[in-house]
Structure formats: C-alpha cells, structure tokens
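Please read it alongside the sequence and the structure.

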Amino acid sequence: FFFFAVITYQQMKTVAAYCLAVLGGNKSPSEDDVKKILNAASANVDAAQVTKVVSELSGKDIYAVIDEGAEKLTSVPTGGSRGGASAQGSAEAPKEEAPAAVEEEEEESDEDMGFGLFD
C-alpha cells in the first residue's frame, strides 16, 4: 500500500505541475516546462513520470480531460452502504423486522400547565 501511495503521489505532483503550466497560459507544456515548475517547488523530479504525463496529455485539452474524469467519478460508489450485515460476518439472510407501531404524541396544550405563554 505504501509503495502505491508513493507512486500515486509522484504522478499527482507531476499532473499538478502540468496543470499549473496550462493555467499559466501554456496550452501545451513541454517536459522542460513541467520540470521547471517542479524544481521551483523544490520537488523531486522523476523524469520518467514527467515524460509519461506529458506524452499522455499532449494534444489534449486539459479541461476536457478533467471533465471526463469528473464524469467517471460520478459512477463511483461512495459510502452509504449498509455495513451492519457485513460486520456480522455471517452468511445468513438478514431477518425481516416488523415495523414498530408509530405512536403520535399529542402536543400538550397550555391549559395542562395552568398558564399560557402569552397570558
């Protein structure tokens, strides 16, 4: 896991530098442009990662790539699952519980207290 996290961090750092170059007005940043940004931030520069990012994004509109990624993220399930059954670790089907009778409580009137709020 740690190795994967380090690789992902390196890639994200390089992608962020590429995006900064685009935001700075350079429509198609070169490897040297990305390396300059990383060096200016005193970041370790992985030449292989820079080459990979620049080659993958060259000729593409970075804003369109970001929009495509955002659309893909909408289909990713995020939380909200019913973890109770999986936490038990049993293969039994969950038992159906009868819905509890809902009793509606009547609001107390001011008369029950002996005085009114606005008297």
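The largest nonpolar core has 11 residues, namely A17, Y18, V22, V34, L38, A43, V50, V53, V54, L57 and I62. At least two residues of this core come from each of α1 (2-23), α2 (31-40) and α3 (47-57), and α3 gives the most, with four residues. A nonpolar core is a set of buried Ala, Val, Leu, Ile, Met, Phe, Trp, Tyr and Cys residues joined through side-chain atoms within 4.5 Å. In soluble globular proteins, nonpolar side chains tend to be buried together.

The model is predicted: local features need pLDDT of at least 70, side-chain atom pairs count only at pLDDT 80 or more, and totals for chains, interfaces and linings use all residues. Residues are numbered from 1 along each chain as its sequence is written, and side-chain values use heavy atoms, leaving out hydrogens and water.

**Overall fold**
- The chain has six helices and zero strands; helices (H or I, at least four residues) and strands (E, at least two) are DSSP runs, numbered from the N terminus.
- Along the sequence, the pattern reads α-α-α-α-α-α.
- Of the contacts in the chain with a separation of 6 or more, 48% are accounted for by residues 24 or more positions apart; contact means heavy atoms within 4.5 Å.

**Burial and helix α3**
- Buried residues make up 15% of the 119 residues in the chain, where buried means under 20% relative accessible area, exposed over 50% and partly exposed in between (1.4 Å probe, protein chains only).
- In α3, the buried residues are Q49, V50, V53, V54 and L57.
- These residues lie on the same side of α3 because they cover an arc of only 125° around the axis, the arc being that of the directions from the helix axis to the C-beta atoms.
- α3 is followed by G59, which has a positive phi, near 80°.

- T14 is found in helix α1 and is buried, with a relative accessible area of 2%.
- Not counting residues up to four places away in sequence, T14 touches V34, L38, Q49, V50 and V53.
- With the same exclusion of residues up to four places away, V22 touches K27, P29, I62 and Y63.

**Surface**
- The accessible surface of the chain comes to about 10300 Å², of which 56% belongs to carbon and sulfur atoms; accessible areas come from the Shrake-Rupley method with a 1.4 Å probe, and for residues only the protein chains shown count as cover.
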